[in-house]
Amino acid sequence: MDFVEGHHHRLNCSSQSGSPCIDCHQQLNFQQAKMASASATGHNVLLVSIVLLATVCACTAESPYAAGLSEDYYQKTCPQAASIVDAYVTKFLSKDRNFAGAFNRLQFHDCWVGGCDGSVLLNSTTTNQAEREAHVNFGLRGVAEVDEIKAALERVCPGVVSCADILILAARDATAKVGGPTWSVALGRRDGVNSTALMADTNLPFPVLNFSGLVANFAAKGFGAREMITLSGAHTIGRTHCNGILPHLYNFTGKDDATDTNPAMDKNFAVFLKKHCPQGNTTNTIFIDSTANTFDRAYYKNVLQGKGIFITDAALITNPVGKKIVTRFSKPGKSFFTEFAAAMVKMGNLGVLTNTEGEIRRTCQFVN
């Protein structure tokens with residue numbers, strides 16, 4: 001979960017299949033033969049110069065990052081940026097390890113709505129309901145913590161590091177600190193100035209979507225079904241309010257009564273959830289999976305056992321292809337971690353603002 005607007009950079013010749021460099025060495029050998037022939041006929045001076053230019057292999061490959069982003073973006077203007085974010089994420093997780101889920105959710109809920117521009121952090125005004133007020137953003141955590149990180153950065157590098165980049169760094173750092181994968185992060189995003197609840201409710205997937213609905217939602221952002229299932233694995237950490245679970249327990253077919261529970265749900269698990277989320281209670285909170293403070297494969301195991309918290313979790317195995325992927329991710333191996341990291345990088349490219357677009361907010365909850 002293509003849309004990536006890649007830029008290009010020069011590479012050494014590669015023998016990778018399908019690469020435009022694949023004939024590079026063959027070309028080089030051919031040109032060297034021509035050089036030898038030219039030398040033998042006494043015309044080597046001019047021809048060697050021409051041939052040397054001709055043998056430069058200008059092979060290119062797409063960057064995994066959107067145009068305008070780079071891993072060393074703040075190297076000269078704020079070299080401490082990444083370490084400051086990392087230190088604060090460590091601080092927050094030392095108080096509440098489960099907060100890793102909040103940072104992960106913030107990246108997704110930001111990038112999925114108009115792009116990774118920090119708009120999810122903005123406050124509402126007297127004339128506008130911001131994204132944070134959207135139904136799908138109920139119970140969103142981490143905004144105050146991101147502002148704390150931003151204040152620390154402003155003390156060292158005022159007006160340099162965007163709120164949008166803080167979200168990307170914090171999600172990566174939090175994931176790694178609770179046992180998940182890490183990945184390289186490209187920076188250089190700028191902050192947006194627009195944020196509406198309607199945009200959030202229109203773009204983000206509600207927790208009642210079936211498999212085809214999820215596939216369609218992710219496809220609209222350039223992500224395939226496998227990437228959708230991969231990113232659903234973020235539910236291995238964090239917690240949720242009962243409002244997102246109630247339809248799974250009491251309104252699965254629209255009857256809206258205590259017996260209208262997803263029949264595919266493990267019966268004992270349904271009893272457990274109903275104790276924590278009585279009918280009509282939207283504000284209680286519950287961990288999303290059995291190891292909610294650790295990034296692991298337990299989420300997929302839970303789903304296969306009929307213990308998915310949301311309707312969207314249970315939906316993943318209603319499709320044979322989806323069930324096959326969930327089964328694979330539930331087993332030992334690096335596949336899930338590797339693909340999750342790649343999907344997070346890809347997500348971080350969505351709709352970025354760079355160069356003179358947008359602004360660098362002084363505080364993350366307000367436009368300048």
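User: What's the mean pLDDT of the protein, and what share of its residues reach 70 or more?
Analyst: The mean is 87, and 83% of the residues reach 70 or more. pLDDT is the predictor's confidence in each residue, from 0 to 100. This is a predicted model: local features need pLDDT of at least 70, side-chain atom pairs count only at pLDDT 80 or more, and totals for chains, interfaces and linings use all residues. Residues are numbered from 1 along each chain as its sequence is written, and side-chain values use heavy atoms, with hydrogens and water left out.

User: Where does pLDDT stay under 50?
Analyst: Over residues 1-42, and again over residues 48-60. The model has 73 contacts beyond four places in sequence for residues 1-42 and 20 for residues 48-60. Contact means heavy atoms within 4.5 Å. Where pLDDT is low, the predicted coordinates should not be read in detail.

User: OK, helices. At what angle do H9 and H15 cross?
Analyst: Roughly 100°, with the axes of H9 (residues 225-232) and H15 (residues 335-347) coming within 9 Å. Helices here are DSSP runs (H or I, at least four residues), numbered from the N terminus. Axes are lines fitted to C-alpha atoms over the stretch in contact, and angles run from 0 to 180 degrees between N-to-C directions.

User: So are H9 and H15 perpendicular or parallel?
Analyst: Roughly perpendicular. Angles of 65 to 115 degrees count as that, under 35 as roughly parallel, over 145 as roughly antiparallel and the rest as oblique.

User: What kinds of residues make that contact of H9 with H15?
Analyst: Six nonpolar, two polar and four charged. Ala, Val, Leu, Ile, Met, Phe, Trp, Tyr, Cys and Pro count as nonpolar, Asp, Glu, Lys and Arg as charged, and the others, Gly among them, as polar.

User: Which residues of H9 are buried?
Analyst: Met-228, Ile-229, Thr-230, Leu-231 and Ser-232. Buried means under 20% relative accessible area, exposed over 50% and partly exposed in between (1.4 Å probe, protein chains only). What covers those buried residues includes H8 (211-219), H12 (298-304), H14 (320-329) and H15.

User: And how does H4 pack with H15?
Analyst: At an angle of about 45°, with the axes 10 Å apart. That makes H4 oblique to H15. Asn-104, Gln-107, Phe-108 and Cys-111 in H4 meet Phe-340, Met-344 and Met-347 in H15. The residues of this contact divide into five nonpolar, two polar and no charged.

User: Switching topic: where is Arg-141, and is it buried or exposed?
Analyst: Arg-141 sits in the loop between H4 (100-111) and H5 (143-156). Arg-141 is buried, at a relative accessible area of 14%.

User: What does the side chain of Arg-141 make a polar contact with?
Analyst: With the side chain of Asn-98, at 3.3 Å. A polar contact is a pair of N or O atoms within 3.5 Å; within protein, one must be able to donate a hydrogen and the other to accept it, and residues adjacent in sequence count only if both atoms are side-chain atoms.

User: What about Ser-162, buried or exposed?
Analyst: Buried, at 0% relative accessibility. Ser-162 lies in the loop between H5 and H6 (163-177), and its side chain reaches the backbone oxygen of Arg-189 at 2.7 Å.

User: Last one: how far apart are Glu-359 and Gly-192?
Analyst: They are 167 residues apart in sequence and 6.6 Å apart in space, C-alpha to C-alpha. Glu-359 is in the segment after H15 and counts as buried at 14% relative accessibility.

Terms used
Helix = DSSP H or I, 4+ residues; strand = E, 2+ residues; numbered from the N terminus.
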